[in-house]
Amino acid sequence: MKCKICNSNNISEVINLGKQPLANKYPKNNLEINNEKKFTLKILFCGSCRSGQIKKIVNRNILFEDYYYLSSVNKKLREHFEDLALKIKKYNFVVDIGSNDGILLKPLRKLKVKSIGIDPSINVGKIANDRGLETFVGFFDINIIKKILKKYEKPDLIVASSVVTHLEKPIKFAKDIKRLLKKDGTLIIEIEYLQNFLKNLEFERFYFDRPFYYSANSVKKLFKNVGMALYDIEKINTHGGSLRCFIKNSKNTKITNRCKIILNDEKKQLSLSKFKKFNNKIYQSSKILKDKLTNLKKKGSKIIGYGSPARVSTITNVAKINSNLIEYIIDDSPLKQNRFSPGMHIKILPRKNNITNQIDTVIVFAYEYFNDIKKYFGKTKIQFYKPIPFRKL
């Protein structure tokens with residue numbers, strides 16, 4: 001088997017998370033629960049470009065044509081993209097790949113920056129278009145590129161936030177970027193950072209929506225192969241700690257010092273031996289979580305969850321946690337409400353009428369946003385916990 005990012009043979013299986021459902025598919029009734037698909041989730045590590053990748057890649061059409069993730073319901077993410085819009089307002093024409101419900105397009109429109117979006121999800125793309133945020137619905141490929149170039153000139157900036165991790169064919173993506181992007185134009189990609197997964201024990205960030213997990217070195221190699229150059233990296237706070245990578249449509253671009261530091265640091269921190277230690281910690285931490293919840297339940301504690309991002313699926317299915325331990329999960333996305341979590345089928349409910357005085361314990365799955373979440377509960381004696389590694393918030 002070869003690495004799908006750099007074509008190296010230096011690739012090994014490092015993690016096995018067992019049978020997992022599709023993390024962003026939320027069944028709404030028994031029929032959908034009975035028809036739920038599960039696949040074995042194994043993670044490979046490439047020692048050459050220092051990337052992670054899923055062994056079994058699930059068809060992207062199954063995953064993304066009907067999708068349940070809305071970026072704009074998250075206040076912190078809205079603020080993140082409002083800040084990004086301010087930073088890129090100097091560009092003449094911006095294309096946002098994976099634009100979701102228009103979370104970046106909206107602030108760009110306010111700043112009078114010419115911009116369009118591309119998103120594969122029919123339901124989510126419709127939401128953006130209904131808001132007047134022009135979105136081409138479909139996967140980013142040569143057909144979409146032709147449609148755009150019939151109507152517009154080549155962009156001088158392309159943004160792809162939390163997109164490259166979801167791709168089935170990253171090399172093809174890099175070639176298509178080069179086709180669309182203006183010569184000497186800039187590509188900004190934001191990636192959930194593989195090195196942080198290991199550092200923070202974030203195994204829950206592995207799921208089928210994301211076949212690839214990037215380091216700065218793997219981003220550099222991917223785009224170098226098509227004549228583009230990674231020249232700068234900014235560390236950002238989204239998704240538990242991510243990288244914002246700046247890539248020029250040119251072979252010769254001066255690289256910043258902070259970019260060099262991150263590239264060199266990865267050579268020490270991302271290794272096969274560290275992945276093997278990480279794999280052992282996954283099952284230890286999952287057992288601790290289940291044992292803690294079981295003990296709380298025995299003491300009569302009423303336990304709920306807050307936030308149902310995709311990681312809920314990985315955590316609950318590895319730890320085998322269902323509604324016997326977590327009564328329900330509150331989520332602010334209307335697309336997920338009154339459905340069930342994948343695999344373990346914990347009921348997902350809206351906030352209204354479901355924050356009560358009877359709640360004793362809240363497992364905060366969307367823990368990056370804990371400060372905002374805590375406010376919804378007022379001055380109560382509720383105990384809040386991060387699930388993995390299990391600790392009080």
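# A guided tour of the predicted model

Begin by selecting Ile-97, Phe-173, Ile-189 and Phe-223, which touch the most other members among the 49 residues of the largest nonpolar core. A nonpolar core is here a set of buried Ala, Val, Leu, Ile, Met, Phe, Trp, Tyr and Cys residues joined through side-chain atoms within 4.5 Å. Buried denotes under 20% relative accessible area, exposed over 50%, and partly exposed the range in between, with a 1.4 Å probe and protein chains only. The model is predicted: local features need pLDDT of at least 70, side-chain atom pairs count only at pLDDT 80 or more, and totals for chains, interfaces and linings use all residues. Residues are numbered from 1 along each chain as its sequence is written, and side-chain values use heavy atoms, with hydrogens and water left out.

Centre the view on Ile-97. Leaving aside residues up to four places away in sequence, Ile-97 touches Ile-118, Phe-140, Ile-158, Val-159, Ala-160, Ser-161, Val-163, Phe-173 and Ile-177, where contact means heavy atoms within 4.5 Å. Next select Phe-206, Leu-270, Leu-289 and Ile-346, which are among the 40 residues of a second, separate core.

**The open sheet**

Helices (H or I, at least four residues) and strands (E, at least two) are DSSP runs, numbered from the N terminus, and two strands pair if DSSP finds at least two bridges between them. An open sheet of 7 strands has the order 6-5-4-7-8-11-10, with mixed pairing. Its edges are strand 6 (135-137) and strand 10 (229-236), each of which pairs on one side only. On average, neighbouring strands of this sheet are turned by 20 degrees against each other, direction ignored; the axes are lines fitted to C-alpha atoms, for helices over the stretch in contact, and angles run from 0 to 180 degrees between N-to-C directions.

Within the sheet, select residues 93-97 (strand 4) and 114-119 (strand 5), which pair in the parallel sense over 5 bridges. Val-94 stands opposite Ser-115 of strand 5.

**Helix 5**

Proceed to residues 122-130, helix 5, and display its buried residues, Val-124, Gly-125 and Ala-128. Viewed down the axis of helix 5, these residues fall within an arc of 100 degrees and so line one face of the helix; the arc is that of the directions from the helix axis to the C-beta atoms. The buried residues of helix 5 pack against strand 6. The face turned away from the buried side carries the exposed residues Ile-122, Lys-126 and Asp-130. Just after helix 5, select Gly-132, which takes a positive phi of about 80 degrees.

Move to strand 3 (residues 51-54). Ser-51 and Gln-53 point one way, Gly-52 and Ile-54 the other way, and all are buried. Strand 2 (residues 38-46) runs antiparallel to strand 3 and is joined to strand 3 by 4 bridges, with Ile-43 opposite Ile-54. The two strands form a hairpin with 4 residues between them, and Arg-50 in the turn has a positive phi of about 60 degrees. Strand 3 also pairs with strand 9 (residues 212-213), in the antiparallel sense over 2 bridges; Phe-212 is the bridge partner of Gln-53.

**The cysteines**

Finally, select the cysteine sulfur atoms. The structure holds 0 disulfides, a disulfide being a pair of cysteine sulfur atoms within 2.5 Å. For Cys-49, the nearest cysteine sulfur is that of Cys-3, 3.8 Å away. Cys-49 is buried, with a relative accessible area of 0%. For Cys-245, the nearest cysteine sulfur is that of Cys-259, 7.5 Å away. Cys-245 likewise counts as buried, at 0% relative accessibility.
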